[in-house]
Amino acid sequence: MTEDLTGPLAGIRVLELGNFIAAPTAGRILADFGADVIKVERPGVGDELRRWRLHAGSTSLLFRTLGRNKRSITLDVGTPQGKQVAGRLIEKSDVILENFRPGTLEKWGLGPSEIKQKNPQAVLVRISGYGQTGPYRDRPGFGGVAEAIGGLRHVVGYPDRPPVRVGVSLADTVSGLYAVIGALMGLLQRGREPGGEVVDVALYEAVYSLMESLVPDHDAFGIRRAPEGAGLPGISPSNTFACADGKYVVISGNGDAIFKRLMNTIGRPDLAQNPELSDNAGRVAHNQELEDAIAGWAATLPSDQILAELERAAVPSGPIYQASDILADPHFADRGMLETHCVDIGHDRPQPVVFPGIVPALQNRPGATRWLGPELGAHTSEVLRELGFDSEAENELREQGVI
């Protein structure tokens with residue numbers, strides 16, 4: 001199995017001890033580019049993600065997506081026998097991913113000190129709500145809470161309505177990306193000097209890192225950001241506009257030269273030539289006037305014509321896509337972002353389903369989807385053989401409920 005792995009991370013083994021989205025996202029990215037990712041799941045239950053958004057069948061397409069290219073084994077790490085198996089896995093792993101509450105690994109006797117004893121070169125990547133230190137370390141923290149405390153929820157939505165969230169698990173996914181960055185830096189450093197790194201990723205800090213100058217602007221100037229709908233404060237003009245056909249388009253004319261092209265396109269050369277609007281600061285001061293001008297123009301034309309005219313003028317713009325639009329878009333297909341795989345969705349036989357492609361695109365050693373998220377424990381026997389357990393030892397572990 002591992003001999004067939006290709007990609008820039010081929011030869012790297014990752015032990016994934018985690019559920020839900022954050023650590024599995026990191027594991028998926030590493031697996032996409034050739035790492036041998038062994039996902040440990042609870043016997044008989046598995047990752048709860050297997051049943052999230054489960055519309056039919058026994059395994060959700062969400063898990064099929066985030067579990068792709070991984071090998072699944074079942075193991076009760078909380079038992080002495082399970083700890084022994086986990087110890088062997090740690091000895092043979094380059095990276096260990098986990099997203100339990102702080103102290104969980106230590107409770108199992110698999111904390112950083114024990115990992116270092118078993119494998120001094122291993123990179124341990126820990127993801128939690130609030131980090132491994134600090135007064136909030138023991139609080140449970142999911143992505144939605146992290147988006148709130150990290151400052152994001154307060155600026156999303158409209159000022160006259162309650163705060164809203166984006167429609168995906170943003171905090172978990174961004175934390176997964178930071179986890180990958182930390183893992184790769186740990187591997188890079190390991191090649192320069194001995195000793196494995198411990199990477200501490202906090203969900204709320206991953207969100208906080210996205211908030212740009214929110215805190216510096218408040219600390220220096222007393223500015224208190226508030227939700228402003230579809231616009232982006234301090235950048236003008238950039239917003240979502242209604243078209244004559246009832247659809248919406250996003251128009252971003254906030255570059256100095258782009259602004260002039262946009263104004264000429266909408267029939268307002270007077271605004272294009274106004275020296276007060278020649279830079280972003282001046283446009284921000286007149287933002288409402290500019291948005292009214294763009295909105296008035298957009299309201300008279302269908303979305304297709306608006307986008308065609310803006311494309312000719314080299315003004316960044318785009319439609320608001322839903323899933324059906326993505327499936328029909330030739331650019332997504334040409335870039336390999338629409339991969340078709342046969343999968344069980346509750347019918348008599350596997351059906352072709354479109355899944356997201358691999359990001360980022362590498363020219364020389366690109367990633368690949370070798371298989372979708374596997375069935376629970378599909379690779380348990382295979383991995384145990386690699387660790388030196390024979391069939392008799394495996395049967396004993398099964399009888400004890402360890403695997």
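This report describes a helix pair and the surroundings of one tyrosine in a predicted model.

**Helices α1 and α7**

Two packed helices are described by the angle between their axes and the distance between the axes. Helix α1 spans residues 22-32 and helix α7 spans residues 170-190. Their axes come within 7 Å and cross at roughly 50°. The two helices are therefore oblique to each other, and the crossing of α1 and α7 is right-handed.

On the α1 side, the contact is made by Ala22, Thr25, Ala26, Ile29 and Leu30. These residues meet Asp172, Thr173, Gly176, Leu177, Ala179, Val180 and Leu184 of α7. By residue class, the contact of α1 with α7 divides into eight nonpolar, three polar and one charged.

Tyr321 lies in the loop between strand β9 (317-319) and helix α15 (323-328). Its relative accessibility is 38%, so Tyr321 counts as partly exposed, a class that lies between the limits of 20% and 50%.

Leaving aside residues up to four places away in sequence, Tyr321 touches Ile326, Asp329 and Phe332. With Asp329, the side chain of Tyr321 makes a polar contact to the side chain at 2.4 Å. The table sets out two distances that involve Tyr321.

| Pair | Kind of distance | Value |
|---|---|---|
| Tyr321 and Asp329 | polar contact, side chain to side chain | 2.4 Å |
| Tyr321 and Ile358 | C-alpha to C-alpha | 20 Å |

In sequence, Tyr321 and Ile358 are 37 residues apart.

Technical notes:
Residues are numbered from 1 along each chain as its sequence is written. This is a predicted model: local features need pLDDT of at least 70, side-chain atom pairs count only at pLDDT 80 or more; totals for chains, interfaces and linings use all residues. Side-chain values use heavy atoms; hydrogens and water are left out. Axes are lines fitted to C-alpha atoms, for helices over the stretch in contact, and angles run from 0 to 180 degrees between N-to-C directions. Helices (H or I, at least four residues) and strands (E, at least two) are DSSP runs, numbered from the N terminus. Angles under 35 degrees count as roughly parallel, over 145 as roughly antiparallel, 65 to 115 as roughly perpendicular and the rest as oblique. A crossing is left-handed if the near helix is turned anticlockwise from the far one by less than a right angle, and right-handed if clockwise. Contact means heavy atoms within 4.5 Å. Ala, Val, Leu, Ile, Met, Phe, Trp, Tyr, Cys and Pro count as nonpolar, Asp, Glu, Lys and Arg as charged, and the others, Gly among them, as polar. Buried means under 20% relative accessible area, exposed over 50%, partly exposed in between (1.4 Å probe, protein chains only). A polar contact is a pair of N or O atoms within 3.5 Å; within protein, one must be able to donate a hydrogen and the other to accept it, and residues adjacent in sequence count only if both atoms are side-chain atoms.
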